[in-house]
Amino acid sequence: MEAEQTSNQDRPPVTPEHARYLLRQMVRIRRLEERAAELYTQEKIRGFLHLYIGEEAVAVGVMEAARPEDAIVATYREHGHALVRGMSARAIMAEMYGKQEGCCRGRGGSMHLFDRDLNFYGGNAIVGGGLPLSVGLAMARTMQDEPGIAVCFFGEGAVAEGEFHESMNLAALWQLPVLFVCENNLYAMGTALDRSESQTDLATKAESYNIPAATVGGMDVLAVEAAATNAAEAVRAGSGPQFLECQTYRFRAHSMFDPELYRDKAEVEDWKERDPIATFVDRMQAENLLDASDREELEQEAAQEIEEAVTFAEDGTWEPVEDLTRFVYSEPEAPAVSSDGQTSPPTS
Ligand SMILES: Cc1ncc(C[n+]2csc(CCOP(=O)(O)OP(=O)(O)O)c2C)c(N)n1
């Protein structure tokens, strides 16, 4: 089976409002992460920090195809996915600071952003670890007859994991509603894909499990949006999982501890020429869908939003030490209080 290639020509018409919206989301991610990198060097943010800079078009394009009821699963490079899904920059920043106003009370940090109300199921530090979670979430929706699909982001490094193959197999065998989104940025830490895989055509791997697959240029937000929308529609139609490979590149190191000895500077510069934000602005301006002032305005808005988030995180509080063992076991539900002030025991 040939992997379907999508291109810009396939894209539906874009309105100026939509162009602005997509740009706004990509700029928000970029500014959040650039600020996070600064804060990391100041030791305000500790632990690991993996930046998504260069890959923004993937999260923004795919999230356009997702609905609120869909379950989203991402990797440890997930600040952008969480932000675009609707988590506030404040909750993200406070979480990265380790403050209890963060989305996980500061217990998860950068790699474990999570919000059940947003159906955002992480943030996962284990390479490939999100894949079986997404299959389980899709299965739960199917068994409980609930609407929604699972959308699972993972890096190309995950295809070397057994969990990838187990997840592909079960999702296909049981025809589960999962959209698998492989963010192929060519390197798994310092290991290039062609140094670790005999088959580097990732769509072929999915197709070997009878999962329809497409490959799209991941530096182009409109192409990603169109490809993800097609794939998500097919999943929603009930024909089982779909696989979308987005070919992208991270401009920064793998994490904040990486001397980047495994790739040439010239290669990085070459990919920077395809910056998803700059190329989108140029194209949309050429098509009169964005004004010359749009980027500047959106940059200012994003800068303000991120500075407010930093202030929020700075002003945040540490969890008290007495809470150290809290949540080791689930807490009993608080008794319900009726309108007449009477309490009743929890029902389950
Ligand atoms: C099971 C497992 N093995 C190894 C690691 C260490 N590790 C962290 S990130 C990473 C590279 C993963 O690369 P990829 O899946 O392509 O995602 P990317 O970092 O490029 O977004 C590795 C090997 C891990 N976290 N989990």
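Which residues does L244 touch, not counting residues up to four places away in sequence? L244 touches L179, F180, V181, A214, V216, A227, A228 and A231, where contact requires C-beta atoms, placed from the backbone, within 7 Å.

**Basis of the model**

Residues are numbered from 1 along each chain as its sequence is written. This is a predicted model, in which local features need pLDDT of at least 70 and side-chain atom pairs count only at pLDDT 80 or more, while totals for chains, interfaces and linings use all residues.

Helices are DSSP runs of H or I with at least four residues, and strands are runs of E with at least two, numbered from the N terminus.

**Helix α6**

Helix α6 (residues 162–173) has 12 residues and spans 16 Å from its first C-alpha to its last, close to the 16 Å expected at 1.5 Å a residue; the expected span is 1.5 Å times one less than the number of residues. Within α6, F164, S167, M168 and A171 are buried (20 or more other C-beta atoms within 10 Å of their own; exposed means 12 or fewer, and partly exposed in between). They lie on the same side of α6 because they cover an arc of only 100° around the axis, taken from the directions from the helix axis to the C-beta atoms. On the other side of α6, G162 and L173 are exposed.

The buried residues of α6 pack against α5 (130–143), β4 (178–184) and α8 (202–207).

Methods:
Two residues are in contact if their C-beta atoms, placed from the backbone, lie within 7 Å.
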